[in-house]
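The structure is shown first, and the entries follow in the order in which I made them.

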Amino acid sequence: MKYLPVNPRLFITNRKRFMDRMLPMSIAIFHSNDEMPTNGDALYPFRQNSDLYWLCGIEQEDTMLILFPDHPDPRYREVLVLTRPEPLKEKWDGHRLRADEAHKISGIQTVIWLDQIEGLLQAWIHLADHIYVNTNENDRKRSWLPTRDYRYAEELRRKYPAHDFQRSARILARLRAVKTVDEIELMRIAIDITHKAFLRVLQFIRPGVMEYEIEAEIWHEFLRNRATGPAYSSIIASGDRARVLHYVFNNQECKDGELVLMDFGAEYARYCADLTRTVPVNGRFTARQKELYNTCLQLQRYAISLLKPGITIQHYHELLGDEATRLFLKVGLLKESDVKNEDPENRAYQKYLYHGISHFLGIDVHDLGSKTEPLIPGMVLTVEPGIYVEEEQIGIRIENNVLITEKGNIDLMQQIPVEADDIERLMRK
């Protein structure tokens, strides 16, 4: 990979956190993602299963991880399973990990080849009372494609019907939501790279540039700083296209007098940054643009002030709705009658702010975390209010990444310019 080697302490710690929560005499089995075909003989770029990577740091396809902390033989309490390197395949597809290399990445002592595992695994499962199988329990899941983890879980249930099956996702959802010091450090690197990309495009944007040209500048800065690439499909939306929340075509001209909304973030060692800034194409906000921009910024700062241990995402959004209503009245987006007659299930402010303000962030850009349980230290969330006005063909969003601590929170993007005057000054350079 492009990023520098990650200290294996991160993965050793993560495995310990997981195994400490397993039932006695349990075995847990994790698989890499499938390689996915495009057309003909081509494949999509391989993307490792986030849970597997979080536990061992291995990005290679055809990988298994087996955890059995109560195995009577210490050698088999943590086992990494890799595909055996083949000289001919390596001539076509490149180097595959050797056992010593995999140990250096993961901190796992026992590395076994995939063609050896079946007989060993059967004996281990016979020793165990419980089998943890891994499933995708991200609340935003949209695809029910039967991945390798799901297919293997079905096979295990058929082979071992008398065993008790448990959900590893139940444990991982809680653990992955709370970041360790090592994880926060990787996220800070991703954020720093994102910061550099933002400063780069502020010098590049001008009337007549294409949205994809801005995206290209972002990619350039990401890659030259060892990022894997973008953490998600970048949104570069000028003018009225900024009201489309997941606009990714990025193929139109940025025109004089428009704002351009840029939602992008670097991925470094699989950890994500998620930034949004909205800037004037010609380098200067109009009076109305600045009024709405500052309103959005005021709402963001209020949101950041609320994010403390003990609050739930649900309650947080309720309070933000009240503040958005107050601010939207002030700038003429809402009338008192709109608020008086609003539907509690579809409040008046939602005409101009029709998405959630925060999501969990980490090894996935929409990371695991509970919307109903109180926030606790170590969680990282985005804070991204927006204002979208169809009548004025304006879309504005401002997004930072915030770490929850025992004393409140830390804005991990506080060094990235956000004040309207600072943006104008930097664009004039």
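**Entry 1: Glu258.** I worked from a predicted model throughout. I began with the surroundings of Glu258 and set aside neighbours within four places in sequence; the residues in contact with Glu258 are then Ser238, Gly239, Arg241, Glu253, Val279, Pro280, Val281 and Gln289. I located Glu258 in the loop between β8 and β9. For its side chain I noted a polar contact with the side chain of Ser238, at 2.6 Å. I also took the C-alpha to C-alpha distance from Glu258 to Ile191: the two are 27 Å apart in space and 67 residues apart in sequence.

Entry 2: I next asked in what order the strands of the open sheet run. The order is β8-β9-β12, 3 strands in all, with antiparallel pairing. I recorded β8 (235-238) and β12 (275-280) as the edge strands; each has a single partner strand, so one side of each is left without a neighbour in the sheet. Averaged over the sheet, and with direction ignored, neighbouring strands are turned by 10° against each other. Between β8 and strand β9 (residues 259-264) I found 4 bridges in the antiparallel sense. Within this pairing, Ile235 stands opposite Asp263 in β9. I then noted what covers these strands: α9 packs on the sheet and touches β8 and β9, and its direction makes about 150° with that of β8.

**Entry 3: α8 against α9.** I followed α9 to its contact with another helix. The axes of helix α8 (residues 181-204) and helix α9 (residues 211-224) come within 9 Å and cross at roughly 145°.

**Entry 4: Asp192.** I stayed with α8, where Asp192 lies. Is Asp192 buried, partly exposed or exposed? I recorded Asp192 as partly exposed, because its relative accessible area is 34%, which falls between the limits of 20% and 50%. Asp192 and Ile416 are separated by 224 residues in sequence, yet their C-alpha atoms are 8.8 Å apart in space.

**Entry 5: β1 and its partners.** I turned to strand β1 (residues 26-31) and found 6 of its 6 residues buried. Both faces of β1 are covered, with Ser26, Ala28 and Phe30 on one side and Ile27, Ile29 and His31 on the other. I then checked the pairing of β1. With strand β5 (residues 130-133), β1 pairs in the parallel sense over 3 bridges, and the bridge partner of Ala28 in β5 is Tyr132. With strand β2 (residues 64-67), β1 pairs in the antiparallel sense over 4 bridges, and Ile29 stands opposite Ile66 in β2.

**Entry 6: Thr83.** Leaving aside neighbours within four places in sequence, I listed Gln60, Glu61, Asp62, Trp113 and Leu114 as the residues in contact with Thr83.

How values were computed:
Residues are numbered from 1 along each chain as its sequence is written. This is a predicted model: local features need pLDDT of at least 70, side-chain atom pairs count only at pLDDT 80 or more; totals for chains, interfaces and linings use all residues. Side-chain values use heavy atoms; hydrogens and water are left out. Axes are lines fitted to C-alpha atoms, for helices over the stretch in contact, and angles run from 0 to 180 degrees between N-to-C directions. Helices (H or I, at least four residues) and strands (E, at least two) are DSSP runs, numbered from the N terminus. Two strands pair if DSSP finds at least two bridges between them. Contact means heavy atoms within 4.5 Å. A polar contact is a pair of N or O atoms within 3.5 Å; within protein, one must be able to donate a hydrogen and the other to accept it, and residues adjacent in sequence count only if both atoms are side-chain atoms. Buried means under 20% relative accessible area, exposed over 50%, partly exposed in between (1.4 Å probe, protein chains only).
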